[in-house]
Amino acid sequence: MRKSYKIYAFVVLLIIAVLAVFDSLNSSNAAEVVRTEKDALVQKVTRLEKENENKSNFFNEVREEKKSLEENLSQLEEEVETLRSAIEYKEFIAALSTIESYKASQSFQEATKFMAFKDEQGYFTTDKAGNCPCGFGFNGKGFEWIPNAVLDLKEFRIEKDKVYLTYNTVEDIKTNYQFVMTKAIGKYDSVKKWRIEDIKLEVKNK
């Protein structure tokens with residue numbers, strides 16, 4: 001009877017031992033799985049951090065390159081504007097020179113040299129000899145030429161391919177003259193340069 005108890009106790013202990021071993025093995029396997037997943041997660045986090053760092057570096061490089069391009073563009077725009085201003089000033093001086101020569105004209109024939117040769121523009125005199133009163137026709141409107149009538153420059157502006165020069169006139173004339181300047185050939189020569197396309201009358205300020 002006692003022997004049977006001993007065998008039963010031994011079997012129970014053996015079963016407990018076997019269960020303990022299996023439990024230990026399962027725990028080890030679970031721990032290994034957890035450790036493997038942990039390592040995989042660490043690697044993934046490391047990879048993502050590296051990718052984020054690379055993207056951040058790329059973003060910084062793009063931002064710096066964009067800033068550099070904007071600075072270069074701004075510098076180019078300033079250079080272009082400086083060049084444009086220099087060209088406009090040069091053209092303005094050339095147009096101004098034409099009017100100064102026109103002002104100095106002492107004969108109607110001499111004054112016609114500074115007129116643009118265009119359609120709807122003509123000349124008129126009182127006789128075939130060219131005696132004055134005489135003048136120019138601009139788009140059907142007559143303008144009487146009067147020597148020594150133009151005084152100093154009052155104002156000017158530049159618009160596209162034209163220069164507008166407004167001059168004061170002598171006291172006897174009721175209006176100031178605005179010369180519309182354009183690059184064109186003349187009546188006596190085919191050189192394209194700044195000439196008078198039109199002369200508009202502006203009421204003098206009282």
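Biologist: Which strand gives the most to the lining of the largest pocket?

Modeller: Strand S7 does, with 4 residues. The model is predicted, with local features taken at pLDDT of at least 70, side-chain atom pairs at pLDDT 80 or more, and totals for chains, interfaces and linings over all residues. Residues are numbered from 1 along each chain as its sequence is written, and side-chain values use heavy atoms, without hydrogens or water.

Biologist: What makes a residue part of that lining?

Modeller: A lining residue has an atom within 4 Å of a point of the pocket, an open set of 1 Å grid points where a 1.4 Å probe fits, with protein on both sides within 12 Å along at least five of seven lines. Phe138, Asn139, Lys141, Gly142, Phe143, Asp198, Ile199, Lys200 and Leu201 therefore count as lining residues. S3 and S7 (193–203) are the elements that give two or more residues each.

Biologist: How many residues of each class are in this lining?

Modeller: There are 4 nonpolar, 2 polar and 3 charged residues.

Biologist: What makes S2 and S3 paired strands?

Modeller: Strands are DSSP runs of at least two E residues (helices: at least four, H or I), numbered from the N terminus. Pairing needs at least two bridges; S2 (residues 134–138) and S3 have 4, so they pair, and they run antiparallel. Gly137, for instance, has Gly142 in S3 as its bridge partner. The two belong to an open sheet ordered S1-S2-S3, with antiparallel pairing. Strands S1 (121–125) and S3 (141–144) are its edges, each pairing on one side only.

Biologist: Why are S4 and S7 called edge strands of the other sheet?

Modeller: That open sheet has 4 strands in the order S4-S5-S6-S7, with antiparallel pairing. S4 and S7 each have a single partner strand, so one side of each is left without a neighbour in the sheet. Within the sheet, S5 (residues 162–169) and S6 pair in the antiparallel sense over 5 bridges, and Thr166 has Gln178 in S6 as its bridge partner.

Biologist: Why is the aromatic pair of Phe92 and Phe156 called tilted?

Modeller: Ring centres of Phe, Tyr or Trp (its six-membered ring) must lie within 6.5 Å; planes under 30 degrees apart are stacked, over 60 edge-to-face, and the rest tilted. Phe92 and Phe156 stand 4.3 Å centre to centre with 35° between the planes, so they are a tilted pair. Phe92 lies in helix H1 and Phe156 in strand S4 (residues 150–159), 64 residues apart, so that the pair links distant parts of the chain. The structure holds 9 aromatic pairs.

Biologist: Where is confidence lowest, and where is it highest?

Modeller: On the pLDDT scale (0 to 100, the predictor's confidence in each residue), helix H1 (residues 2–103) is lowest, at a mean of 71, and strand S6 (residues 175–184) highest, at 95. The chain averages 79, and 72% of the residues score at least 70. Where pLDDT is low, predicted coordinates should not be read in detail.

How values were computed. Ala, Val, Leu, Ile, Met, Phe, Trp, Tyr, Cys and Pro count as nonpolar, Asp, Glu, Lys and Arg as charged, and the others, Gly among them, as polar.
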